[in-house]
Amino acid sequence: MEENRVNLLLIAGSAGALDALLKILSQLHALPAAPIVIILHRKAENQALLIDLLGARSPIPVKEADEKEIPLAGHLYVAPADYHLLFEADGSFSLDASEKVNYSRPSIDVSFSSAADVYCQGLACILLSGANNDGTEGMRRAKAKGAICIAQSPATAEVPFMPEQAIKELSLQQVYSPAQISQFINQL
Amino acid sequence: MTMETNFADEEIGLLLTDIVDRYGYDFTGYTMASLKRRIARFFIIKKFPSFAELRYALLNADSLFNEFVEEITVNATEMFRDPLFYKALVNEVFPVLRTKPFIRIWHAGCSTGEEVYSMAILLDEAGLLSKSLLYATDLNPGALETLQKGIYPLDHFRQYAENYSQAGGNQGFSNYYTARYGFAKFDERLQQRMVVSTHNLVSDSSFNAFQLIICRNVLIYFDKELQSRVLSLFTDSLEPLGYLALGAKESLRFSGVENSFTPLSIREKIWKKIA
């Protein structure tokens, strides 16, 4: 069951997730074998800064996800602020400006669910630090579709609520520190 | 959320074909991921026991179909969404509009009209409103009713006031509406310059020549082919040297009309039509 080839890796979080993400990226040995898509709850104004920051801290090419773009292995994409990020049947990104979900846009639930429907067992999702419960329901769907579901270990999370919710609700087995998450990505 | 609502593309396809045949609304060029999500939402809200039941009910009740259209097309909009976009319009497009004897602006796919009122306010502050007409169209009649009433819940007005200032508004946002019982009603002076009509970008044609067309966060719901068609419709509906403004994540790439325009502000998604 763990032999699934990962075709898409989603990493999501809210408060405290950026630190964890930077730690994870700093320990990658090579360009990841799958596209990585980042979904963070952030203010729209900070979006350009976020992309610059991620670009500066990792050798992986970073850009904002564009609609109809097909994500490529070895690239890092950031969900645009103020849009939900969805996936079409051909694997491409799709954007949706409809109402917030869990007070959030982008919502992690929306992206996890949509990616689960398209990528099924080829999906891996990772939930990092955060202060609300966005992500758990999307991960439930991803899990049901055979995706790999990983939560940041609450002990290492600046704000443990978000990963804790998913671990508790979904009885997640893969609970990793940022270093272990890097290892996981390095082994893809 | 946990209910199985991941309908097969084939099922959705059949429903969309039924809808074209029965009601003349063509959603087949819409992007599937978003459409599916909206249909799933409708399915849950209306508590249908199965997709077949939903399909049957939709084809046999016009009133339900109207609700369906509202649910799958109404998308969140806000006043002065992306304030810097409005600032760019005021600074870079208004000076050109000012030279025209008469200004025609088309808000295509305007939903409940928050952005149309935003525009009317900025035109007013620039002293241009009295010579402007704002054509506000959407395929959803329910959304246009809201626009025509000009009444919106006050919940978001604190944010709107902030957006207004960032957009360069300087007369005091609260001067444009009266607040009562949790709602704000906009000054009728603004509405007098609006021409409101249903228009379906998928099937209806050009109806005037405009100096500025604003269509934001509509094209993201269309597939490439439909995007191209709608962008051609806009190109044909613009006067020479007219302006086209799209949403923050929309562009003319791959559309076939890219060569008819020159970018005015790449960041704020404003293009100028080449004569």
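Q: Why is Asn102(A) called partly exposed?
A: Its relative accessible area is 25%. Buried means under 20%, exposed over 50%, and partly exposed in between, using a 1.4 Å probe and protein chains only. So Asn102(A), at 25%, counts as partly exposed. A quick word on the model: it is predicted, and local features need pLDDT of at least 70, while side-chain atom pairs count only at pLDDT 80 or more. Residues are numbered from 1 along each chain as its sequence is written, and side-chain values use heavy atoms, without hydrogens and water.

Q: What makes Ser107(A) buried?
A: Ser107(A) has a relative accessible area of 0%, so it counts as buried.

Q: How do you know that the side chains of Ser107(A) and Asp134(A) make a polar contact?
A: They come to 3.2 Å. A polar contact is a pair of N or O atoms within 3.5 Å; within protein, one must be able to donate a hydrogen and the other to accept it, and residues adjacent in sequence count only if both atoms are side-chain atoms.

Q: Why is Lys47(B) called exposed?
A: Lys47(B) has 71% relative accessibility, so it counts as exposed.

Q: What makes helix H1(A) oblique to helix H6(A)?
A: The axes of H1 (residues 17-26) and H6 (residues 178-186) of chain A come within 8 Å and cross at roughly 45 degrees. That makes H1(A) oblique to H6(A). Angles under 35 degrees count as roughly parallel, over 145 as roughly antiparallel, 65 to 115 as roughly perpendicular, and the rest as oblique.

Terms used
Chains lettered and ligands numbered in written order. Axes fitted to C-alpha atoms, helices over the stretch in contact; angles between N-to-C directions. Helix = DSSP H or I, 4+ residues; strand = E, 2+ residues; numbered from the N terminus.
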